[in-house]
Amino acid sequence: MPDSSPTVPGQVPSNGIDTTTAHSARIWNYWLGGKDNYAVDREIGDQFCGIFPEIVDIARASRGFLTRAVEYMAREAGIRQFLDIGTGLPTHDNTHEVAQRVAPDSRVVYVDNDPLVLAHARALLVGHTEGGTEFIDADLHDPDKILAAAGETLDLTRPVGLMLMNILGHVGDLSEARSITARLLAALPSGSHLAIADGTNVVKGKEFDEAIAIWNEAGSVAYNLRTPEQIASFFDGLELVEPGVVSCPYWRPAVALNPGREVDEFCAVGRKP
Ligand SMILES: C[S@@+](CC[C@H](N)C(=O)[O-])C[C@H]1O[C@@H](n2cnc3c(N)ncnc32)[C@H](O)[C@@H]1O
């Protein structure tokens, strides 16, 4: 939980929670209307919103996509195991809640490298069904560690729903982000699915670029906007589920949407053949 004890600038306290630098999960939590953030996160979050107020719509549209993508995977693709890397702070419709609503026996492994996320996740992301949840403290840059630890909870010979939601943008080098994704997918069997959402700069490019520059100066880990084509490249070798790579509100919306509701957050789901 956020504590208010003072932190010496530049020093990370013994609980590992640095309250002097803005953190991705906490700023995101602030935009989603959560309370698990510190003054430093709110300051950057507000500066960001001053330049690019659409970020709040983006955060919510992305969460809506997560809900629909997990429902699709659980209901239509029969997925019962999920690996959610870059969990973020608990909010409404967390991956295990959506999956277990459809299929109570769903198992979900959450992975993050932020100590505050892990503390909250262990306390709050607990399934109440015959399925289960597990938490791994690991870095996306070490996919082999993630796979080894996930394999203790998930049966990696059966299809897995791999979730990389708003995390690949934190890997600066596109080819590295692609090779991490490919390494994770290589360990999963046919029938596994990949869900990705990440920020783009094709709808309101300039303002989003400016706001991201502020984040990258102040935040703990930089974020990189990508083009929809670059996001599509993470799905090379997979079968894209309809409607393909689209702005989040347009991925299988509950009701048909008119044009013009695009936000700078693109997403897709793909199936490993
Ligand atoms: C913007 S938040 C997104 C949270 C959630 N996936 C969502 O879309 O609502 C990014 C998350 O990725 C985590 N993260 C960033 N870089 C990471 C890395 N290299 N390894 C593991 N987690 C990372 C952050 O701690 C944070 O929880």
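Where is Arg252 found? Arg252 is found in the loop between strand S7 and strand S8 (265-271). Here, helices (H or I, at least four residues) and strands (E, at least two) are DSSP runs, numbered from the N terminus.

## Before we dig in

This is a predicted model, where local features need pLDDT of at least 70, side-chain atom pairs count only at pLDDT 80 or more, and totals for chains, interfaces and linings use all residues. Residues are numbered from 1 along each chain as its sequence is written.

Arg252 counts as partly exposed, with 15 C-beta neighbours inside 10 Å. (A residue is buried if 20 or more other C-beta atoms lie within 10 Å of its own, exposed if 12 or fewer, and partly exposed in between; C-beta atoms are placed from the backbone.)

Asp93 is not a glycine either, and has a positive phi of about 55°. You'll find Asp93 in the loop between strand S1 (81-85) and H4, and it is partly exposed, with 15 other C-beta atoms within 10 Å. Then there's a cis peptide bond between Glu242 and Pro243, with omega at about 10°. Pro243 lies in the loop between strand S6 (239-240) and strand S7 (246-247).

## Helices that cross

Two packed helices are described by the angle between their axes and the distance between the axes. Axes are lines fitted to C-alpha atoms, for helices over the stretch in contact, and angles run from 0 to 180 degrees between N-to-C directions.

Take helix H3 (residues 55-76) and helix H4 (residues 95-102): their axes come within 9 Å and cross at roughly 35°. On the H3 side, the contact is made by Leu66, Thr67, Val70, Glu71, Ala74 and Arg75, and on the H4 side by Thr95, Val98, Ala99 and Val102. Being in contact means that the C-beta atoms of two residues, placed from the backbone, lie within 7 Å. Helix H1 (24-31) and helix H2 (residues 39-51) pack at an angle of about 65°, their axes 9 Å apart. Here Arg26, Ile27, Tyr30 and Trp31 of H1 meet Asp41, Arg42, Ile44 and Gly45 of H2.

## One side of H5

Which residues of helix H5 (residues 115-124) are buried? They are Leu116, Val117, His120 and Ala121. These residues sit on the same side of H5, because they cover an arc of only 125° around the axis. That arc is the one of the directions from the helix axis to the C-beta atoms. The buried residues of H5 pack against H1, strand S2 (107-112) and strand S3 (132-137).

## The nonpolar core

In soluble globular proteins, nonpolar side chains tend to be buried together. A nonpolar core is a set of buried Ala, Val, Leu, Ile, Met, Phe, Trp, Tyr and Cys residues joined through C-beta atoms within 7 Å. In this model the largest one has 74 residues, and those with the most contacts inside it are Leu83, Leu162 and Ile196. H3 supplies the largest share of this core, 10 residues. Leaving out residues up to four places away in sequence, Leu83 touches Val109, Ala150, Leu154, Val160, Leu162 and Met163.

## A look at Thr153

Thr153 has its place in the loop between helix H6 (143-150) and strand S4 (161-165). Thr153 is partly exposed, with 17 other C-beta atoms within 10 Å. Not counting residues up to four places away in sequence, Thr153 touches Arg107, Val109 and Glu134.
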